[in-house]
Amino acid sequence: MDIIICGIGGRMGTAVYEAACVAPGVNVVAGVDKRCEGSFGFPVYPGFDQCKERCDVVIDFSRPDALEQIISYCERTGAAAVLATTGYTQQHREMIEKAAEKIPILQSSNMSLGVNLLTELVRKAAEALPDFDIEIVEKHHNRKVDAPSGTALMLAESVNSAFSGKKKYIFGRHSSNEPRTKEEIGIHAIRGGTVAGVHDVMFLGNDEIVTLSHTALSRRIFEEGALKAAFFLKDKSPGLYSMRDLFRK
Ligand SMILES: NC(=O)c1ccc[n+]([C@@H]2O[C@H](COP(=O)([O-])OP(=O)(O)OC[C@H]3O[C@@H](n4cnc5c(N)ncnc54)[C@H](O)[C@@H]3O)[C@@H](O)[C@H]2O)c1
């Protein structure tokens, strides 16, 4: 499988590159990064418009503003795209859905097996405990730029699907002087140190709390998940896939 890594100069891009070097059947043909000083045994371009190489799958861990050029490269060359970047807006999501009519795309804010299982478990817990208050607390390293994490939003969406999407998201409560309502899901972000990612989904009832939690002990789970996703996507028909599709195989 030939891959191009977008964001290759970053923490995750570099980790994917290192994992790809030792993964059987994976060949990195190029990298794309706005700012990259590293030297690799293949070309690294500042943008996809200059990229001459073709690949089976683009693996993207960069920033949402790279999306447009990734999609146009994939549409032009027939490559598939694993989109692991977080912080997409509604407009980006619509762009992804439209592109998935022409190319295979797997988008996930979290590439780990455990978190994708957690998204299923929190929906079941929400169905079983519909009257409990639900709060999500996530913790990440001090270099993370988006808050709350894409994973916290993914978990919130999964919880909310148990309520037909009717719950509102409340991000912190700093300027609020009102008690919480039953219609909300509280989402809170903590930033510091080198934390790879902790997500706690709390169901708070009268005199009891159920907490479903996932802790990433290193970023390895994300790079390995991204390579698994690329293998899964390689020969798929156009469509929008998620990590959960891998586990349903
Ligand atoms: N889905 C997951 O499992 C998962 C896991 C970890 C991180 N992430 C996400 O992946 C992204 C990258 O994380 P990171 O920790 O490696 O960040 P980082 O800041 O270390 O690296 C990002 C890299 O992308 C490059 N870049 C920025 N804009 C670009 C553009 N328009 N085109 C090409 N390259 C561009 C930067 O120069 C940088 O080298 C973030 O959105 C992060 O939240 C997702």
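1. Welcome to this structure: of the 27 residues around the ligand, those that come nearest are Gly7, Gly9, Gly10, Met12 and Ala66 (a residue is near a molecule if its C-beta atom, placed from the backbone, lies within 6 Å of it). Helix H1, residues 11-22, gives the largest share of this shell, three residues. Helices here are DSSP runs of H or I with at least four residues and strands are runs of E with at least two, numbered from the N terminus.

2. Please keep in mind that this is a predicted model, in which local features need pLDDT of at least 70 and side-chain atom pairs count only at pLDDT 80 or more, while totals for chains, interfaces and linings use all residues. Residues are numbered from 1 along each chain as its sequence is written.

3. Next, the sheet. Seven strands form an open sheet in the order E3-E2-E1-E4-E5-E6-E12, with parallel pairing (two strands pair if DSSP finds at least two bridges between them). Strand E3 (44-45) and strand E12 (239-241) are at the edges with a single partner strand each, so one side of each has no neighbour in the sheet.

4. Gly31 has Val44 in E3 as its bridge partner.

5. Finally, a helix pair: the axes of helix H2 (residues 67-77) and helix H3 (residues 90-99) come within 11 Å and cross at roughly 5° (axes are lines fitted to C-alpha atoms, for helices over the stretch in contact, with angles from 0 to 180 degrees between N-to-C directions; contact means C-beta atoms, placed from the backbone, within 7 Å). H2 is therefore roughly parallel to H3, a term for angles under 35 degrees. Leu67, Ile71 and Glu75 of H2 make the contact with His92, Met95 and Ala99 of H3.

How values were computed: Angles under 35 degrees count as roughly parallel, over 145 as roughly antiparallel, 65 to 115 as roughly perpendicular and the rest as oblique. Two residues are in contact if their C-beta atoms, placed from the backbone, lie within 7 Å.
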